[in-house]
Amino acid sequence: MADEPVIVIGAGPAGTRAAQRLVQAGLRPVVIDENDRQGGQIYRRQPENFHRAPEKLYGTEAAKASSLHTDFDLLRPHIDYRPGTTVWGVSNEGLMTVRGQDVTIVPFSRVIITSGATDRIMPVPGWTTPGAYSLGAAQIALKAQACAIGRKPVFMGTGPLLYLVAWQYLQAGVKPAAVLDTSALSTRMRGLRRMASRARVVANGVRYMANLARAGVRLHAGITPRAIEGSNNQVSGVVWRDSRGKLRHAACDAVGMGYGLRSETQLADLLKCEFIFDPCFTQWRPHVDRNGRTSRPDVYLAGDGVLLRGADAAEAAGQLAACAVLRDGGHVVADTEFTQLHETLTVMNRFGRGLAEAFPWPAHLARALPDDTVVCRCENITAGEIRRAAGELDAPEMNRAKALTRPGMGRCQGRMCGLAAAEILAAARNVPVREVGRLRTAAPVKPLPLNCTVRS
Amino acid sequence: MTAYPTNRMQADVIIVGGGFMGAATAFFLRRQGLSVILLERDLVGQAASGVNFGNVRRQSRYLGQLPLANRSRDIWLNMPRLIGEDAEFVMSGHILVTTSEKDGDRLEKYAVDCKPYGLDLTIMTGAQARAKFPMVGPEIRTVSYSPLDGHANPRLAAPAFGRAARRAGARVIENTEVCAITKSAEDFIVETRNGQSFQAPLLQISSGAWGRAMAASFGEDIPFAANGPQMGVTEPLPYRIEPVIGCASSVPEEGVYLRQVKRGNIVFGGGLRSVADIVTKRAPIDPLNTMRQMPHLARLVPQMARLRIIRTWSGVEGYVGDNLPIMGPSSRVPGLFFAFGFCGHGFQLGPGVGMTMAELIATGRTDIPLEPFHIKRFQ
Amino acid sequence: MPALFRRVAEKDRKTIHLFVDGHEIEALEGDTVLVAVLTRTGRLRHNEFDNAPRAGFCLMGACQDCWVWTEDGTQLRACSTTAQPGMRITTTEVPWLTNL
């Protein structure tokens, strides 16, 4: 399909910079974005009738957000922009997209997927109670809707987002009841060596923590979550063990939880890209070369959808993937552009690894989850059911476990529970988590209305 | 029952292929007192047995298959006592619906023809059908209702028989691919990719779409194709569609079917099939086929149009040229038996095939007529 | 049932009215359905299997835990659908094949 356009999926930092670079080379890419407004998650735009200044929304990153938005707006006449459109499948004729009830088949010569990431979740008893949200959700509520998820939220999990969101809530006049971090202080110090490569980012994080502490917000490190409590079907408290093993409790009316991020890799999977297990992020992801080329010659990946390095890296990786697309398509791209982007990304790689080391995914919590804890929130499948698949039903890997007791079988296709379910399965079978594999993707990537029709 | 032979690489019977047919045969062979080794390339029930629609349907089958289907249905009802689980079997009833007069005539004729075989069908007009099954759409005219048929969960059934076979003493060996089968003076020698060798005087090939090559290696080739069913499932809803609903149209694209499971999701399939690749073990689900199914599903149950599909899938199924399975003894090699190529309608038959093949292998005879399925029909 | 969400800014938008379980509620132009409902009450839907209330989780269209029914039997993903005046949301009923 050499005559077909280049497609960019996603219009966050990676997708925007990719599209921009393609336009610079004289191409007119198709940009397909699930959101109604460009920006992705981290630089998500508020609705048009909202008036807060970028500084309010994006803090220290306001200039970057504004630049990403402005640059995209300038691109509009030069791209085929399809907002509010979901890529849900892949056929021999092209990508299957849907907007409302209209399905369109989009042929492509090459495609750059910048599908971003979602929160990485470790279930805890009570996490399906109304009032419990992902950290990302807590932030989106604030940024995109000027709402707090509660009056007195607890933020629990690990990773830089934990402190950023808590601080943003504090700025918005909502004082968190507590910030609970599963990572120990000593672990964080170890990761700091690598993170030192981006001193400004580290300094921001330290500042958030200091501001929170100064405002009297309790910050606890090295905790073990025990339960989200509820009364009358709403969150009423959080119970955890502190670093010395003492059982602690905080009253609250909402929880924002998250343990770093997980890449959205379904589209690469549907396109049959080869996957590898990434020991740094302890998750499966598509294999890419340093320019974002996958095992498939017409598919490229950039941004957090393949490597969890954050928004700055996503901008560089998006541009880089576009450079690779251009060069592979016979356009001239100077070596120096590749070299410069590689240099930028080397720093980001180091930083990303440092973050993963400083705020490790608490895989060990999976083993201790009570049998009656819901893991798959769509299908209401408990940890005990996954353990039954592992034991009595002898499922050696995730897809078999899913076939037999349904974890990951619901509407979200395991986005929320998949990684935690894999840890539970691996723990129950006493094997490393990579050995239980990953859930295969099935179309439609998101629920597809049965009354849609193909528009040509 | 005989104990295991001391040499664990030997048994009375080797079964190659742990789909529903192989797993059920292994289970029933143990009840016949024979020692069994079941060799499965991947995991039991993972291919066609695990991805099909889950129809436990007798109506519209080839008439000569009804005795086998009747036997199978009795086992479905008895499964909790037999193997300790029901694989979510529900005797929900099954309706075949038509939108054209010609197809309606065919249903009426079948309802008469199947009666001597003990299958009682009720023919209804569209209005009668809508009175009893109000979810059915206004375009539906003649309906054939089989109250004693139903559906079950294909992901659970074959693995359940595999575990039951193991509990009953069969040696069920997964992740073991057979690469060569030869026959010495007395025994079949079965070699596997991981360097093992197994031996038995009796051997059943029940390797689904991969059975053709194995049969051909004994000089018994057949016309054969590997296809992929196009399946999907909606989000869960209150349980309000009891019967399985299938369209009996003679136009392949219109021939969709659906069932609601008690948890609430509606499983559907039918229409066109994709071409499967037995080398890569992949059968594509073509999203355009999913799109083609939508309007036909809405003709059966108009309110389905309001729902959302949450997942689609396919799997490798084996189809014989005349759309009947290969089941019974080899016509050339004594001690060799076949049970494969069930052409996308084998799920209901699984338990019956297992019991019948076990009977045939253990005693040399069965009361179930298998003549139409004999491999010699292609020689 | 008390509201889950609390508005912290942008309160000077035009008001719109919609209905939740038959009760008229006031929301603001630009609200998502999720925000319109959860600034008034504490649930969006009930899980199909344990019937416990749910109120969304990820707010970015990934978790699919905020699909709400409208009285006329269509469904909306509440986190990514803008609230429209006159919408009639039901958090308790599933209006599907109810006429049987």
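Biologist: What makes strand β10 of chain A and β1(C) a pair, and in which sense do they run?

Modeller: First, a caution: the model is predicted. Pairing requires at least two bridges between the strands. β10 (residues 147-148) of chain A and β1(C) have two bridges, in the antiparallel sense. The pair therefore qualifies under the rule of at least two bridges.

Biologist: Which residue stands opposite A:Cys147?

Modeller: C:Arg7, in β1(C).

Biologist: How many residues are in contact between chain C and chain A, and how do you know that they are?

Modeller: Contact means C-beta atoms within 7 Å. On that test, 33 residues of chain C are in contact with 40 residues of chain A. β1 (6-7) and β5 (53-54) of chain C each supply at least two residues of the chain C side. By class, that side has 16 nonpolar, seven polar and ten charged residues.

Biologist: Now chain B. How many residues of chain A are in contact with how many of chain B?

Modeller: 19 residues of chain A are in contact with 24 residues of chain B. On the chain A side, β4 (86-91), α13 (398-405) and β24 (448-449) give two or more residues. The largest share, three residues, comes from α13(A). The classes on that side are twelve nonpolar, five polar and two charged.

Biologist: What makes β24(A) a partner of a strand in chain B?

Modeller: Again, at least two bridges are needed. Two bridges join β24(A) to strand β19 (residues 308-313) of chain B, and the strands run antiparallel. So β24(A) and β19(B) count as paired. In β19(B), B:Arg308 is the bridge partner of A:Pro449.

Biologist: Inside chain A, what is the strand order of the open sheet of five strands?

Modeller: The order is β3-β2-β1-β7-β21, with parallel pairing.

Biologist: Why do β3 and β21 of chain A stand at the edges?

Modeller: β3 (80-82) and β21 (299-301) of chain A each have a single partner strand, so one side of each is left without a neighbour in the sheet. From one strand to the next, the twist averages 15 degrees.

Biologist: How many bridges does β21(A) form with β7 of chain A?

Modeller: Three, in the parallel sense, with β7 covering residues 110-113. Within β21(A), A:Leu301 is the bridge partner of A:Ile113.

Biologist: Which helix packs on the sheet, and which strands does that helix touch?

Modeller: Helix α1 (residues 13-24) of chain A touches β1 (6-9), β2 (30-32) and β7 of chain A. The direction of α1 makes about 160 degrees with that of β1(A).

Biologist: Which domains does the assignment give for chain A?

Modeller: Domain 1 is 6-118 + 262-355, domain 2 is 121-259 and domain 3 is 364-436. The C-alpha centres of domain 1 and domain 2 of chain A lie 28 Å apart.

Biologist: How many residues of domain 1 are in contact with domain 2 of chain A?

Modeller: 13 residues of domain 1 are in contact with 14 residues of domain 2. Helix α10 (residues 335-358) of chain A gives the largest share of the domain 1 side, six residues. That side has five nonpolar, five polar and three charged residues.

Technical notes: Residues numbered from 1 in each chain as written. Chains lettered and ligands numbered in written order. Predicted model: local features only at pLDDT ≥ 70, side-chain atom pairs only at ≥ 80, totals over all residues. Domains from an automatic or database assignment. Contact = placed C-beta atoms within 7 Å. Helix = DSSP H or I, 4+ residues; strand = E, 2+ residues; numbered from the N terminus. Nonpolar A, V, L, I, M, F, W, Y, C, P; charged D, E, K, R; others polar. Axes fitted to C-alpha atoms, helices over the stretch in contact; angles between N-to-C directions.
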